[in-house]
Amino acid sequence: MASRRIAQSSVNWSALAERVPSNQKTNLTAFKSMSDKYLRSVVANPESPPKVDWAYYQKNVPIAGMVDKFQKAYETLQIPYPVDNVTVQVEAQEKQVREEIAKFIKESEGRIADFQSQIAALKALLPFNQMTMEDYRDAFPDQALDPINRPSFWPHTPEEQEVGAPNAEPHH
């Protein structure tokens, strides 16, 4: 397998910085500096191993066969590029997250439409400082005072009311 040469970072740091919250900017800066340091160390090394002058060593090494043995080992040495077995998992996770984001956006749009209709209904009401008690009862029938059908007793707390408690004894 032919090895790939890293010439420059494939990370779009400016696009990434736009998405990082302000309280995490220092972590991003530290990560970018570590990444740049690694990239510089990779680029500083040659793409292929240096050529060895085997004839020079043949003349200067007195032990017979030692240079031939090293030459054979050096030429058969192959350092494989690591196999990428994580990209598939990352892409699957990315697909799942994109689906979750799309679902969240769709649900949020539904909530937004509901809230906008509630806001429109509230804006259509008379201002509270111009409402009479009858206007309030018409606008909010479940919250308005109804002394005939739902009497309220002092101190007007839910614990002191008879509503919802069948056969409840009145508090004296």
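Student: Which residues make the nonpolar surface patch of about 350 Å²?

Tutor: V97, I101, F104 and I105 make that patch. This is a predicted model, where local features need pLDDT of at least 70, side-chain atom pairs count only at pLDDT 80 or more, and totals for chains, interfaces and linings use all residues. Residues are numbered from 1 along each chain as its sequence is written, and side-chain values use heavy atoms, leaving out hydrogens and water.

Student: Why is V97 called partly exposed?

Tutor: Buried means under 20% relative accessible area, exposed means over 50%, and partly exposed lies in between (1.4 Å probe, protein chains only). V97 has 36% relative accessibility, so V97 counts as partly exposed.

Student: And what makes S108 buried?

Tutor: The relative accessible area of S108 is 13%, so S108 is buried.

Student: What does the side chain of S108 make a polar contact with?

Tutor: With the side chain of R111, at 2.8 Å. A polar contact is a pair of N or O atoms within 3.5 Å; within protein, one must be able to donate a hydrogen and the other to accept it, and residues adjacent in sequence count only if both atoms are side-chain atoms.

Student: Why does F153 count as partly exposed?

Tutor: Because its relative accessibility is 37%, F153 falls in the partly exposed class. Not counting residues up to four places away in sequence, F153 touches Q161 and E162, where contact means heavy atoms within 4.5 Å.

Student: Over which residues does pLDDT stay under 50?

Tutor: Over residues 165–169. pLDDT is the predictor's confidence in each residue, from 0 to 100. Where pLDDT is low, the predicted coordinates should not be read in detail.

Conventions. Patches are made of residues with over 30% relative accessible area and no salt bridge: like charges are joined within 9 Å, nonpolar side chains (Val, Leu, Ile, Met, Phe, Trp, Tyr) within 5 Å. Accessible areas come from the Shrake-Rupley method with a 1.4 Å probe; for residues, only the protein chains shown count as cover. A salt bridge is a side-chain nitrogen of Lys or Arg within 4 Å of a carboxyl oxygen of Asp or Glu.
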